[in-house]
Amino acid sequence: MNFKHTTKVLTLALLASSQLVQAKKTSKKLQPNIVVFMVDDMGWQDTSLPFWNKETYLNKQFHTPNMEKLASEGMMFTQAYACAICSPTRVSLMTGMNAARHRVTNWTLYKDKMNQGSPKGLKIPEWNYNGVGVDQAVSHTAYTPQPLPKVLQDNGYYTIHCGKAHFGAIGTPTEDPRSLGFDVNIAGHAAGGPASYLGSDNFAKPQKKNSIWNIPGLEEFHGKDIFLTEALTQKALQVVTDSVPSQKPFFLYMAHYAVHSPIMGDDRFVQKYIDQGLSPIEAKYASMVEGMDKSLGDIMYYLKKNNLEKNTVILFMSDNGGLSALARGGLAHTHNYPLSSGKGSIREGGIREPMIVKWPQVVKPNTKCDDYVIIEDFFPTILEIAQVKELPNKHQPIDGKSFTPLLEGQKNINNKRPIFWHSPNFWGPSGPGISFYSAIREGDWKLIYYHTNQKFELFNIKEDIGEHYNLACQQKDRTKQLAKKLSDYLREVKAQLPIIAKTGEKVPLPDEIEIIEEP
């Protein structure tokens with residue numbers, strides 16, 4: 001028996017019990033522990049838990065019993081949205097701002113470099129390619145004086161970052177998550193993916209000791225037969241246990257590198273998917289999904305075993321959609337059916353995510369919410385859960401809206417407000433809706449405006465979840481109405497637009513374009 005570990009666990013349990021007793025004595029509501037479980041590149045359908053109104057062949061392809069368990073104990077969100085790629089989503093989570101406002105509209109890595117490919121006849125505007133910033137002296141950053149972990153830290157939380165950071169470029173302060181207010185950083189740095197998921201590789205590229213993709217700070221697992229997802233989970237729970245002496249509630253940002261490329265089989269699970277008849281790449285991907293799901297289950301088991309379950313909120317989310325078949329030249333590990341396209345795209349496959357929230361005594365178990373929410377909503381929601389009354393700097397813009405009323409059981413309170421996306425950037429592979437767009441969703445209607453050709457797509461998402469039927473010309477009045485609301489918002493937040501290479505002029509705003517029927 002590991003006496004030291006057992007003593008820590010017992011201390012943790014006693015602390016939780018004493019906190020509950022003290023809360024009853026003072027009649028003050030106890031601040032809950034908060035776990036944000038963020039998955040990377042996980043599609044809406046990459047789970048055995050159906051987020052649609054019916055089960056699909058993709059749900060049958062995966063095995064995620066712990067997501068199913070979390071949903072049975074909490075609330076599934078069937079229309080949860082993020083940005084189409086990782087850095088914009090993560091900056092919105094940290095700041096509460098929409099990407100159009102914070103201008104981190106593509107992935108970040110190198111300081112003062114755009115990390116861009118060919119811009120399809122457009123010149124890319126000066127976006128915030130250095131990421132989120134806490135120092136106004138660093139140019140091209142989305143400056144925020146009050147990032148989410150710092151606010152929680154200032155309000156009594158012990159803040160833990162574990163896994164993928166991808167907040168700031170190499171050489172900027174926010175390359176290290178601790179600059180944002182995390183007390184502890186486990187394995188987070190500037191890069192957005194791992195060199196290897198294998199401990200036997202030291203989570204690094206063979207023969208490249210200094211690769212920027214090598215995962216830092218997990219030396220204790222080097223040379224061992226362990227998958228990165230498991231190593232991060234073990235390390236995170238160890239840090240939670242070690243935080244007992246602080247006598248503080250904890251905020252754990254469990255940000256897995258999984259299921260981002262490189263697609264590498266998790267030996268604990270991969271064989272059963274091969275036996276199931278999946279292609280090699282699909283089997284490897286499914287094993288990574290199951291490894292992620294095991295991590296979720298391990299955290300849930302830890303909380304229950306240590307008497308922390310009843311006072312811990314878990315929010316499960318993905319940062320963008322799964323990489324689609326078109327984006328990989330037809331060699332896909334995820335297909336996103338029934339959604340259109342995938343990562344990098346403004347179509348539903350790129351932005352609609354699996355989301356679950358468990359909040360004991362508040363969220364009714366085994367419930368669903370069909371109201372839509374978007375990633376910047378997490379910022380005010382988490383602060384409300386943490387009982388933070390207001391931000392000291394009241395001038396910091398917050399675009400997100402708290403969804404705690406939805407968690408408390410209210411319905412149809414969000415589905416009329418407009419939500420927005422904006423990416424004046426080139427991301428990468430071709431496919432429907434990828435790169436250079438602005439978009440609005442209001443009610444059942446979603447309008448996409450493409451910067452490359454100044455064309456519109458209008459979809460009724462409720463009736464056409466696969467976005468097969470463009471109604472922009474058939475519904476000209478609705479298209480104009482949504483184009484005006486989208487344009488007004490872009491003007492309000494001073495959103496940047498690309499330059500048309502041939503003319504040197506900015507791409508016009510949506511309400512400056514005449515809607516012309518295609519021949």
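Two strands are taken as paired if DSSP finds at least two bridges between them. In this predicted model, that criterion places strands S1 and S9 side by side, running parallel and joined by seven bridges; within this pairing, the bridge partner of isoleucine 34 is valine 313 in S9.

The pair belongs to an open sheet of eight strands, arranged in the order S7-S6-S8-S1-S9-S10-S2-S11 and mixed in its pairing. From one strand to the next, the twist averages 15°. Elsewhere in the sheet, strand S6 (residues 158–163) and strand S8 (residues 250–255) are paired in the parallel sense over six bridges, with isoleucine 160 standing opposite leucine 252 in S8. Helix H11 (residues 378–385) packs on the sheet, where it touches strand S1 (33–39), strand S9 (312–318), strand S10 (352–358) and S11, and the direction of this helix makes about 170° with that of S9.

Strand S9 is mostly covered, seven of its seven residues being buried. Whereas S9 runs parallel to S1, its pairing with S10 is antiparallel and comprises three bridges, and leucine 315 stands opposite valine 357 in S10.

Strand S10 also contains glutamate 353, a residue whose relative accessibility is 0% and which therefore counts as buried, the cut-off for this class being under 20%. When residues up to four places away in sequence are not counted, glutamate 353 touches Met42, Trp44, Phe77, Ala80, Tyr81, Ala82, Cys83, Met317, Ser318, Asp319, Asn320 and Gly321. The C-alpha atom of glutamate 353 is separated by 27 Å from that of arginine 178, a residue 175 positions away along the chain.

Burial likewise characterises helix H4 (residues 86–95), in which 10 of the 10 residues are buried, so that the helix is largely enclosed by the rest of the structure. The buried residues of H4 are Cys86, Ser87, Pro88, Thr89, Arg90, Val91, Ser92, Leu93, Met94 and Thr95, a list that includes the charged residue Arg90. The helix is followed by glycine 96, which has a positive phi near 80°.

A further helix contact involves helix H3 (residues 65–72) and helix H9 (residues 280–305), whose axes come within 7 Å and cross at roughly 45°; the two helices are therefore oblique to each other. On the H3 side the contact is made by Pro65, Asn66, Met67, Lys69 and Leu70, which meet Met292, Asp293, Lys294, Leu296, Gly297 and Met300 of H9. By class, the residues of this contact are six nonpolar, two polar and three charged.

The model also contains an open sheet of four strands, in the order S12-S13-S14-S15, with antiparallel pairing. Here S12 and strand S15 (455–460) stand at the edges with a single partner strand each, so one side of each is left without a neighbour in the sheet. Neighbouring strands of this sheet are turned against each other by 10° on average, direction ignored. The pairing of strand S14 (residues 445–450) with S15 is antiparallel and extends over six bridges, and the bridge partner of tryptophan 445 is asparagine 460 in S15. Helix H13 (residues 476–492) packs on the sheet and touches S12, S13, S14 and S15, its direction making about 115° with that of S13.

The loop between strand S12 (419–423) and strand S13 (437–442) holds asparagine 425, which, at 1% relative accessibility, counts as buried. Leaving aside neighbours within four places in sequence, asparagine 425 is in contact with Thr105, Asn106, Gln116, Ile124, Trp127, Ser435 and Phe436.

Key:
Residues numbered from 1 in each chain as written. Predicted model: local features only at pLDDT ≥ 70, side-chain atom pairs only at ≥ 80, totals over all residues. Heavy atoms only, no water. Axes fitted to C-alpha atoms, helices over the stretch in contact; angles between N-to-C directions. Contact = heavy atoms within 4.5 Å. Buried < 20%, exposed > 50% of the residue type's maximum accessible area, 1.4 Å probe, protein only. Parallel < 35°, antiparallel > 145°, perpendicular 65-115°, else oblique.
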